[in-house]
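Please keep the viewer open as you read, and take the points one at a time.

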Amino acid sequence: MREVIDDLLRWWRGGEPVGVATVVATWSSAPRPPGATMLVGPDGTAVGSVSGGCVEGAVYDLCQEAIAGGQPRLQRYGVSDDDAFSVGLTCGGTIELYVERVDRETFPQLADVAESIDKAVPVAVLTSVEGPDDRLGRHLVIWPDRRDGTLGSARLDDAATDDGRGLLAGGRTGVLHYGPDGQRRGGGLSVLVRSYAPRPRMIVFGAIDFAAAVARIGAFLGYRVTVCDARPVFATQRRFPEADEVVVAWPHKYLAAEAEAGRLDERSVVCVLTHDPKFDVPVLRIALDLPLAYVGAMGSRRTHDDRLARLREAGVDDAALGRLSSPIGLDLGARTPEETAVSIAAEIIASRWGGHGRRLSETAGRIHG
C-alpha cells in the first residue's frame, strides 16, 4: 500500500470505491513479496503490481468484480494451474491474493493509516482474509500504543493486536492463523498483517568518497541514510546530497546515543568506512553488541587482522566478531567507489535474504527463496 497510498486516498476521499488486490503469500519463484498491492480505480485506472506483470490482467478483472459486488475473495495462481498459465504466470511460483473493495464504509481508518505512513509512524493494517462470513473483510488498525476497528470479537482483537505488534516491530508482513474467536491453537480464520514501519536505517561512518557512493545506493535500496564523521570539514550535506542526514560526531558516541534512544532495530545496517583504528574500534565494539542486521568495515587484509586484534583486546568475543563483515562487500572485482558500493549493497542483500553471491547461471533450483 505504501507505493499506491496517494492514489487510493484520493479516490477514498472522493467517496469512490476502489478494487484492491494484495499478495497474501508466495511460494517458490513468485516475483512480488507479501504485501505487494495493485489498485483498480473507479475510472478503470490500474496502479501498482502484484506479480511484475504475470497475472495483472486477471487480477484487474477480479478488482472490478470486487468494486461491483463488494464481496472479498482469496485467489491463488500457480504455474501448474491451467487458469494460471492462461493469464501468464510462467515464472514457476505460486501467489495467493486477497481482493477487496475499499471505500469509506469498508475501511474508515484509511486516512489515519495514510497519515501515519506519511509521518513515519509505525502502523499495521490487519485484515480477516479467510474465515466465517461475519469475520471476512474486517479491518483492525494497530499502532504501538493504540488500535482502531475490529476483526469481529474482543478476544480475536486482543490476540491479533499482540501478534501484529510483534510483526510491526520488525517491519514484517505476514499471515496469522486463529480459531473463529481468536484461539491461537485453533484454525479456520486467517488475518493478513500489513506492516508500515519507518524506513530501515543505514549508518555510514567515515565521510570519504566511498561513503558518498554507499549513501547513494543505500537511498536507492530504501534505507534512511545517515553519514557520520567527527571531522566537520568533511561531514557536510553538500558532499553527501543523497544522505538523509549528515552528522558531525564521534562515531561511537553517536551510535550509542541512537541505540539508547531506540532509533535502531534488527533491520538497521552499519558500514564503517573510516579504516582508522581510533574511529573503527570504539564504534565496532558497540555495533557488534547490538541486534543489527549487518555490520561491515572497510580495509585491507592487514587492516582487518589488526582490527580483529584490537577488538579482542577491547573485549569483543569470537561470537560477536563472527558477525562482522570485514573486509566489507562481496568479491566483485570492484575498483571505483561506485563499484565498491555495489559490492557492499550486494553483501547486505545477500545477508538479508540468505543469498550466497554466486552467479545464477551456475546454480540450480528456484531463484527466490
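1. Setting aside neighbours within four places in sequence, Ile348 is in contact with Met202, Tyr223, Val269, Cys271 and Tyr294. Please bear in mind throughout that this is a predicted model.

2. The largest nonpolar core has 26 residues, and Ile348 is listed with Met202, Val204, Val214, Cys271, Leu273 and Ile344 as having the most contacts inside it. Two or more residues each come from strand E11 (201-205), helix H6 (209-220), strand E12 (224-229), strand E14 (269-272) and helix H11 (337-353). Of these, H6 gives the most, with six residues. Another core, of 25 residues, lies apart from this one; Ala287, Ala297, Val316 and Leu321 are among its members.

3. Does the sulfur of Cys271 lie close to or far from the closest cysteine sulfur? That closest sulfur is in Cys228, 13 Å away, which is too far for a bond. Across the structure, the count of disulfides is zero.

4. Next, turn to helix H9, residues 301-313. With 13 residues at 1.5 Å a residue, H9 should span 18 Å, and its end C-alpha atoms are 19 Å apart, which agrees. His304, Arg307, Leu308 and Leu311 are buried in H9. Looking down the axis, you will find these buried residues within an arc of 100 degrees, so they line one face of the helix.

5. What do the buried residues of H9 pack against? Their partners are helix H8 (277-287), strand E15 (294-297), helix H10 (318-321) and strand E16 (324-325). On the face of H9 turned away from its buried side, you can find the exposed residues Arg302 and Glu313. After H9 comes Gly315, with a positive phi near 100 degrees.

6. How many aromatic pairs does the structure hold? There is one. In this pair, the ring centres of Trp250 and Phe279 are 5.1 Å apart and the planes meet at 40 degrees, so the pair is tilted. Trp250 sits in the loop between strand E13 (245-248) and helix H7 (251-260), while Phe279 is in helix H8, so the pair ties together parts 29 residues apart in sequence. Trp250 counts as partly exposed because its relative accessibility is 37%. Phe279, at 8%, is buried.

7. Glu56, Ala58, Val59, Leu62, Cys63, Ala66 and Ile67 are the buried residues of H2. For Cys63, the relative accessibility is 0%. Just after H2, Gly70 takes a positive phi of about 75 degrees.

8. Val18 is buried, at 1% relative accessible area. Between Val18 and Ala66 there are 8.3 Å in space, C-alpha to C-alpha, although the two are 48 residues apart in sequence. Beyond its neighbours within four places in sequence, Val18 is in contact with residues including Leu8, Trp11, Pro42, Ile67 and Val102.

How values were computed. Residues numbered from 1 in each chain as written. Predicted model: local features only at pLDDT ≥ 70, side-chain atom pairs only at ≥ 80, totals over all residues. Heavy atoms only, no water. Buried < 20%, exposed > 50% of the residue type's maximum accessible area, 1.4 Å probe, protein only. Helix = DSSP H or I, 4+ residues; strand = E, 2+ residues; numbered from the N terminus. Disulfide = S-S within 2.5 Å. Core = buried A, V, L, I, M, F, W, Y, C linked by side-chain atoms within 4.5 Å. Contact = heavy atoms within 4.5 Å. Expected span 1.5 Å × (residues − 1). Arc of directions from axis to C-beta. Phe/Tyr/Trp six-rings, centres within 6.5 Å; stacked < 30°, edge-to-face > 60°.
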